[in-house]
Amino acid sequence: QGVPGLGLVGKIAVQYLIDNAGPTLVAKIFSDYLPLPDGSAGVRVSDGDVAPPTYDLYYLSQPGAEADFLLLTSDVQPIPWGQYSVGELVLDYAQELGVEELLTFGGYVPGSPDVEGVFAASNDDSLWEKLEAAGVMRLQGGFVTGAAGLLVGLGHLRGIPSACVLSTTEGQRPDPRASKRLILLLEKLYGLKIDLSELDELIK
């Protein structure tokens with residue numbers, strides 16, 4: 001999952017996979033808990049067409065990769081009192097498709113600008129072994145707000161190995177450099193191969 005948050009880190013990472021890996025759109029979630037980016041109800045207009053905000057899910061299968069992927073993104077997050085309802089619906093669908101692991105992506109603003117890398121939070125020991133082998137560090141405290149945190153908590157309650165994976169960022173502007181770390185992590189964990197040249201241009 002990658003939805004808007006600090007530095008748009010998770011959103012940029014997942015959207016880049018969608019734009020460059022050729023996944024298939026398999027589901028759209030419509031909900032009165034999904035507002036426009038400014039929090040109001042309404043629709044987005046593009047070239048005369050209208051569309052309400054959605055959660056979009058894509059299926060990605062790549063020859064040579066060690067797993068298939070269900071990619072979830074959106075231009076918005078659910079309103080706070082709708083997070084549980086939307087999260088449970090996402091997990092219902094994911095489990096119907098046989099999802100075996102859950103990663104949510106986001107940004108993390110560390111206490112020092114000298115701290116860089118990918119941090120995570122998870123209750124699953126086997127998943128932690130893979131994450132730490134790939135160089136991911138453990139978050140030591142605090143809170144992970146919004147969909148990035150809640151979906152992992154709900155996944156754990158269902159027995160799905162789940163982790164909230166956060167790349168360090170300043171958090172004040174879109175940060176594709178932080179997003180690149182997350183895509184590279186998918187390569188280390190699952191052998192997913194993505195051409196990052198367009199992302200490198202965006203970083204420049």
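1. The crossing of helices α2 and α4 in this predicted model is right-handed, a term that applies if the near helix is turned clockwise from the far one, left-handed being the term if it is turned anticlockwise, by less than a right angle. Helix α2 spans residues 83–96 and helix α4 residues 147–157, and they pack at an angle of about 55° with their axes 10 Å apart. That angle makes α2 oblique to α4 (under 35 degrees counts as roughly parallel, over 145 as roughly antiparallel, 65 to 115 as roughly perpendicular and the rest as oblique). Axes are lines fitted to C-alpha atoms, for helices over the stretch in contact, and angles run from 0 to 180 degrees between N-to-C directions.

2. On the α2 side the contact (heavy atoms within 4.5 Å) is made by Gln 83, Tyr 84, Gly 87, Glu 88, Val 90 and Leu 91, and on the α4 side by Ala 147, Leu 150, Leu 151, Leu 154 and Gly 155. These residues divide into 7 nonpolar, 3 polar and 1 charged, where Ala, Val, Leu, Ile, Met, Phe, Trp, Tyr, Cys and Pro count as nonpolar, Asp, Glu, Lys and Arg as charged, and the others, Gly among them, as polar.

3. Of the 11 residues of α4, 8 are buried, so this helix is largely enclosed by the rest of the structure (buried means under 20% relative accessible area, with a 1.4 Å probe and protein chains only). Among the buried residues are Ala 148, Gly 149 and Val 152, and what covers the buried residues includes α2, β4, β6 (102–108), β7 (118–122) and β9 (162–168). Just after α4, Gly 159 takes a positive phi of about 85°.

4. An open sheet of 3 strands has the order β1-β4-β5 with antiparallel pairing, its edge strands being β1 (24–29) and β5 (69–73). Strand β4 (residues 55–60) is joined to β1 by 5 bridges, with Leu 57 as the partner of Ala 27, and to β5 by 5 bridges, with Leu 70 as the partner of Tyr 59. Pairing requires at least two DSSP bridges between two strands. Helix α2 packs on this sheet, touching β1, β4 and β5, and its direction makes about 145° with that of β1.

5. On conventions, residues are numbered from 1 along each chain as its sequence is written, and side-chain values use heavy atoms, with hydrogens and water left out. Because the model is predicted, local features need pLDDT of at least 70 and side-chain atom pairs count only at pLDDT 80 or more, while totals for chains, interfaces and linings use all residues. Helices (H or I, at least four residues) and strands (E, at least two) are DSSP runs, numbered from the N terminus.

Note on methods. Buried < 20%, exposed > 50% of the residue type's maximum accessible area, 1.4 Å probe, protein only.
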